[in-house]
Amino acid sequence: MNFFMKIWHSSLGKKYIMGISGFVLVFFIVTHLMGNLQIFVGPYWINTYGLFLHERHEILWPARIVLLTMVVLHIWSAFKLRAENQAARPVSYAGNPAPFAASYASRTLMMSGIIIAAFAVFHLLHYALGVRAVNLTGINFSTLQDSQGRPDLYLMLLLGFSRWPISVFYIIAIGLLCLHLSHGMRAMFQSVGWKWTFGGVSHLPDKIARWFALIIFILYVSIPVAVMCGYGKAYKERALQHLTANAISGKESAR
Amino acid sequence: MNLTLKIWRQKNAASPGGFETHEARDVSPDMSFLEMLDMVNERLIAAGQEPFVFDSDCREGICGTCSLVINGVPHGGRKGTTVCQLHMRHFQDGQTITIEPWRARAFPLVKDLIVDRTAFDRIMLAGGFISVNTGNAPEANALPVSKEIADLAMDAAACIGCGACVAVCKNASAMLFVAAKVSHLNYLPQGRAEKDRRVKNMVAQMDQEGFGNCTVTGSCEAVCPKEINLDFIAKMNRDYAVAVVKGELKANSGGGVG
């Protein structure tokens, strides 16, 4: 315990916590992306994957606990570091000049982080918890089932991104996430002391951070863009007809 | 050249400060920034007013004493340049120039444009040295040092401890200074024996002085008059992690009979 308190109380220690928790969250972002991209393979794949995750409580719960711990550590150390940073300069310069030669991403980490956190809460309500009030379709996502009676994640994504305000918010949030990552990953490598020349490429970790952020952005955004451009339209319409038919027959049988 | 100067005036740390505006007339473009300030001060003295106090020593860009923030940027923001090597030809006729001291909690203000940078000295005392007995210089080839390592250590050793990195950093972080001093000795075989102790003690002292944390914005390397770069901060982060994970070995007080 003494060892961890020592790390927590040192400036570099908090940066390690920041970087390592960030790394775990980046790992989650990649696995989540790989899950989501199965939408392009078809309903069978993504629904099988969804059911697999949900039935494996021995994977699901440890992963949720670890992720939540990382989120807490990441946010906690961010606020602690920021408080120390602000205390380190009690009197500011005339006219509060923008930090000299600092990139936009590096100056806005806290702001992009807060907006991403707010988006994450909305995103969980939207898809994971299936709160009907926030999805703007009037359909309860948690009742959707495919032809084999499994939760229909494929249809959920198609319906979820069929409302443009939601897709636009999603794209903006992913944009901010990637802005956050483009500097955050660079700082993460720097904090653990990994910033050297590999295979003749100088500052390779810095370049990895920038390319990674760009690729993540393109792949994540491809999903709402594809849905808004009409991907899966036939499947969605068939499913909606089925839903309305069920609703009518449900009402009739209730009579 | 004629310039309008807005210069920070403050009697001491306890009393409030503020900007005073002065006109600098007939400035030669060949003057250095400090020579221009000398001229302004001489005119103030001649008029019976109090001159502005500012730090300077060698005036050839190698001692790290001069410390002015010009238009919001320490040393004026020209690549690899201290204020004493900044010339008036880089300014325009009629320009308004704001001159302020370094601003950081760890650098308390002494008067006008002078701050107390002994926080850096205390960091150096915590580990910026090699514990050896003095004597004759050792034979040059007794300890081989590769060209790459010698160059890296030399780059780090170029730090003149002016504190511009702290002054420019949005977090008033001293990471670039401490990293340069740690790396300089940690790279070399003479310093490697005390590598872990050095980095731990110097970082602990840095934290105690109330400097901020590194957010890798790169402002420090952009303004450093000796062009020391962020790679040294990465090196220090790595050395510190290794030192913390390794822990310390303590000698056993026993030893047996005989």
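The structure is a predicted model. Chain A comes to 10 helices and 0 strands, whereas chain B is divided into domain 1 (3-110) and domain 2 (117-246). The contact between the chains takes 35 residues from chain A and 38 residues from chain B.

**Contact between chains A and B**

- Chain A contributes 35 residues to the contact, and chain B contributes 38 residues.
- Four helices of chain A each supply at least two residues of the side that touches chain B: helix 2 (11-36), helix 4 (57-87), helix 5 (104-107) and helix 8 (164-191).
- Of the elements of chain A, helix 2 gives the most to this side, with 5 residues.
- By residue class, the side of chain A that touches chain B holds 19 nonpolar, 9 polar and 7 charged residues.

**Chain A**

- Along the sequence, chain A reads α-α-α-α-α-α-α-α-α-α, in keeping with its 10 helices and 0 strands.
- The C-alpha trace of chain A spans about 75 × 45 × 40 Å along its principal axes.
- Helix 8 of chain A packs against helix 9 (residues 204-228) of chain A at an angle of about 170°, and the two axes are 8 Å apart.
- This angle makes helix 8 of chain A roughly antiparallel to helix 9 of chain A.
- The residues of the contact of helix 8 with helix 9 in chain A comprise 19 nonpolar, 3 polar and 3 charged.
- Helix 8 of chain A (164-191) is also one of the helices that supply at least two residues of the side facing chain B.

**Domains of chain B**

- Domain 1 of chain B covers 3-110 and domain 2 of chain B covers 117-246.
- The C-alpha centres of domain 1 and domain 2 of chain B are 29 Å apart.
- Where the domains of chain B meet, 19 residues of domain 1 are in contact with 17 residues of domain 2.
- The side of domain 1 of chain B that touches domain 2 of chain B divides into 9 nonpolar, 8 polar and 2 charged residues.

**The sheet of chain B**

- Chain B has an open sheet of 5 strands in the order 2-1-5-3-4, with mixed pairing.
- Strand 2 (18-24) and strand 4 (73-74) of chain B are at the edges; each has a single partner strand, so one side of each is left without a neighbour in the sheet.
- Strand 1 (residues 3-9) of chain B runs antiparallel to strand 2 of chain B, and 7 bridges join them. Within this pair, Trp8(B) has Phe19(B) of strand 2 as its bridge partner.
- Strand 1 of chain B also pairs with strand 5 (residues 96-100) of chain B, here in the parallel sense and over 4 bridges. Thr4(B) stands opposite Thr96(B) of strand 5.
- Strand 5 of chain B pairs in turn with strand 3 of chain B, in the antiparallel sense over 2 bridges. Ile70(B) is placed opposite Ile99(B) of strand 5.
- Strand 3 (residues 69-70) of chain B is joined to strand 4 of chain B by 2 bridges, and these strands run antiparallel. Val69(B) has Pro74(B) in strand 4 as its bridge partner.

**Helix packing around helix 9 of chain B**

- Helix 5 (residues 175-187) of chain B and helix 9 (residues 231-246) of chain B pack with their axes 8 Å apart, at an angle of about 70°.
- Helix 5 and helix 9 of chain B are therefore roughly perpendicular to each other, and helix 5 passes helix 9 in a left-handed crossing.
- Residues of helix 5 of chain B in this contact include Met175(B), Leu176(B), Val178(B) and Ala179(B), and those of helix 9 of chain B include Phe232(B), Ile233(B), Met236(B) and Asp239(B).
- The contact of helix 5 with helix 9 in chain B divides into 9 nonpolar, 2 polar and 2 charged residues.
- The axes of helix 7 (residues 195-208) of chain B and helix 9 of chain B come within 9 Å and cross at roughly 105°, which makes helix 7 of chain B roughly perpendicular to helix 9 of chain B.
- Lys195(B), Asp196(B), Val199(B), Lys200(B) and Val203(B) of helix 7 of chain B make this contact with Met236(B), Asp239(B), Tyr240(B), Ala243(B) and Lys246(B) of helix 9 of chain B.
- The residues of the contact of helix 7 with helix 9 in chain B are 5 nonpolar, no polar and 5 charged.
- Met236(B) and Asp239(B) of helix 9 of chain B take part in the contact with helix 5 and in the contact with helix 7.

Conventions: Residues numbered from 1 in each chain as written. Chains lettered and ligands numbered in written order. Predicted model: local features only at pLDDT ≥ 70, side-chain atom pairs only at ≥ 80, totals over all residues. Contact = placed C-beta atoms within 7 Å. Nonpolar A, V, L, I, M, F, W, Y, C, P; charged D, E, K, R; others polar. Pairing = 2+ DSSP bridges. Axes fitted to C-alpha atoms, helices over the stretch in contact; angles between N-to-C directions. Parallel < 35°, antiparallel > 145°, perpendicular 65-115°, else oblique. Left-handed = near helix turned anticlockwise from the far one by under 90°. Domains from an automatic or database assignment.
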